[in-house]
Amino acid sequence: MTLIQWFLFFLIMQVVHFAGTWKLYQKAGRKSWEAGVPIYNAIILMKIINRPKWWVILLFVPIVNLIMFPVVWVETLRSFGKNSTLDTILGIATLGLYIYYINYTQDVKHIENRSLHPANKGADTVSSLLFAIVVATLVHTYVMQPFTIPTGSLEKTLLVGDFLFVSKNHYGARTPMTTVAMPMVHDTIPVLKTKSYLNKPQLPYFRFPAFEQVEKNDIVVFNWPTDTVVDFKGTYATGIRKPIDKKTNYVKRCVGTPGDNLSFVDGVAFINGKELKLSDRARVQYSYEVATVGGSMLDPNYLTKDLKIYPTDIGFNRQNNTYFFISLTAENAEILKKNPSVQSVTKLITKKGENPDARIFPYTKNWNQDNLGPIYIPEAGKTVKLDKESLPFYEMIIKDYEGNNLKVNGDEIRINDKVVDSYTFKQDYYYMVGDNRHNSLDSRYWGFVPADHIVGKPVFIWMSLDPYTPWSKAFDKIRWERLFTTVGGDGEPVSYFLIFVILLAGYIIADFVIKRRKKRAEKIDY
């Protein structure tokens with residue numbers, strides 16, 4: 001939606017508001033024209049309903065305003081004596097049009113300085129619930145979002161079953177672009193498995209100032225750039241085009257930032273010709289083939305308990321009596337080598353030029369997941385030469401991410417109907433890869449992550465559940481050592497769970513003592 005379209009939409013909403021409330025403004029001792037002045041009418045309305053002026057800000061915050069509108073409808077009805085549960089239901093169910101009925105047909109009286117605690121319990125419950133959702137949505141959208149690790153692409157660094165808090169402020173909170181959506185859910189309504197939003201109208205991209213920039217080695221949550229769906233039941237393929245902020249959330253490690261030249265050599269990332277040094281918490285894994293002495297079987301308990309390798313990550317080739325490990329860290333590989341039952345441990349790296357993979361971005365090179373590049377990672381304001389050789393790297397950026405009309409006819413490249421031989425990028429891009437190098441769908445397969453797709457930075461693991469332990473063993477299912485550990489930092493993760501328990505217990509005791517003293521004081525006063 002363009003700025004002109006938004007302006008027209010905004011004016012229409014003002015007309016709708018004026019038509020349904022001007023008489024009520026009069027009955028509250030205001031002028032009827034005050035109901036038609038944008039923004040000012042909202043300030044006056046807050047005075048009429050006896051609510052703070054800062055509520056006006058919430059009316060213009062995307063997604064949050066969808067919840068605030070019903071709150072204001074209900075509060076408006078109460079300010080004119082419509083306090084029953086039926087009035088509350090009608091106000092919400094008719095999307096505020098019940099106020100039109102009151103405005104034109106009812107001889108209501110404005111209740112000045114009314115109590116903000118309605119006598120009707122049902123109405124009070126509804127408004128309290130709505131406002132609780134408003135607060136939760138504000139926190140979820142602009143401060144901190146809970147996130148679950150569903151796949152093993154960062155396995156050993158972040159585990160399947162980890163529950164994270166993702167900070168929206170580190171990289172700058174991004175305002176919602178999708179304006180009409182169900183709060184507190186992403187792209188799908190739970191249980192119903194249907195779309196949770198409307199594609200239009202859309203707001204332009206905007207991000208608040210950041211505390212820090214995305215750097216190499218950062219673990220980042222972002223919207224999967226190439227996400228399309230056939231339906232909303234988990235079937236991914238070419239189909240429905242999602243808005244940016246409704247694309248599936250992914251979490252990967254940033255290995256390339258704007259302006260870098262990136263390559264992978266035998267599975268190792270190189271930036272501008274130098275090996276990328278990963279943080280000491282990074283647990284990079286590769287696939288391995290393990291041969292045992294005489295083709296003997298390894299003890300399952302040794303694999304699951306000592307090495308913490310899940311059965312689903314291991315295969316056994318009966319033709320040559322070798323194990324295939326989908327993902328193994330270098331540390332675990334060394335441990336296996338020392339096992340007297342193990343004859344050899346071989347990292348499975350596809351050499352340069354061998355077994356070229358057509359799925360590797362940009363899909364025109366004889367590259368594979370272990371050997372690719374060099375790739376220039378686009379930087380905002382930088383210009384690159386365009387020809388048949390370079391265009392596949394940037395075609396998706398030009399068309400999809402930066403919204404240009406691109407046509408290619410032989411050697412001729414046209415952008416927005418102009419013949420060009422270069423292109424200047426409008427925003428920054430990043431290269432995101434999983435630590436589980438042979439079991440991760442990442443930038444090696446779909447290319448760059450645009451800056452406007454960045455969601456936030458994982459900062460805290462508040463819960464961790466082992467998906468391979470049944471709930472009948474609930475105590476063992478919880479990974480206690482991972483509770484309340486930080487995601488970033490150096491050294492081994494440290495759990496702050498005990499500190500949290502002590503602080504929580506202190507709060508509960510203090511709250512109990514304060515309430516008890518307050519009750520005693522009330523009895524004495526009486």
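Visitor: Two strands pair if DSSP finds at least two bridges between them. In β8, which residue is the bridge partner of Asn223?

Guide: The bridge partner is Asn249 in β8. Strands (E, at least two residues) and helices (H or I, at least four) are DSSP runs, numbered from the N terminus. This is a predicted model, in which local features need pLDDT of at least 70 and side-chain atom pairs count only at pLDDT 80 or more, while totals for chains, interfaces and linings use all residues. Residues are numbered from 1 along each chain as its sequence is written, and side-chain values use heavy atoms, with hydrogens and water left out.

Visitor: In which sense do β5 and β8 pair, and over how many bridges?

Guide: β5 pairs with β8 (residues 249-256) in the antiparallel sense, over five bridges. β5 is also joined to β24 (residues 454-464) by two bridges, again running antiparallel. There, Phe222 stands opposite Ile454 of β24.

Visitor: Why is β5 largely enclosed?

Guide: Five of the five residues of β5 (residues 219-223) are buried, so the rest of the structure largely encloses this strand. Buried means under 20% relative accessible area, exposed over 50%, and partly exposed in between (1.4 Å probe, protein chains only). Ile219, Val221 and Asn223 are buried on one side of β5, and Val220 and Phe222 on the other.

Visitor: Turning to the largest nonpolar core, which residues touch the most other members?

Guide: They are Leu386, Tyr394, Tyr431, Phe448 and Ile454, in a core of 44 residues. Helix α10 (residues 391-401) gives the largest share of this core, six residues. A second, separate core has 31 residues, including Trp73 and Phe80. A nonpolar core is a set of buried Ala, Val, Leu, Ile, Met, Phe, Trp, Tyr and Cys residues joined through side-chain atoms within 4.5 Å.

Visitor: At what angle do α4 and α5 pack?

Guide: Helix α4 (residues 64-79) and helix α5 (residues 85-93) pack at about 140 degrees, and their axes are 9 Å apart. Axes are lines fitted to C-alpha atoms, for helices over the stretch in contact, with angles from 0 to 180 degrees between N-to-C directions.

Visitor: Which residues of α4 and α5 meet?

Guide: Pro70, Trp73, Val74 and Leu77 of α4 meet Asp87, Thr88, Gly91 and Ile92 of α5; contact means heavy atoms within 4.5 Å.

Visitor: And the open sheet of four strands: what is the order?

Guide: The order is β11-β10-β9-β16, with antiparallel pairing. β11 (274-275) and β16 (372-376) are at the edges with a single partner strand each, so one side of each has no neighbour in the sheet. β9 (residues 261-265) and β10 (residues 268-271) are joined by four bridges, and Leu262 has Ile271 of β10 as its bridge partner.
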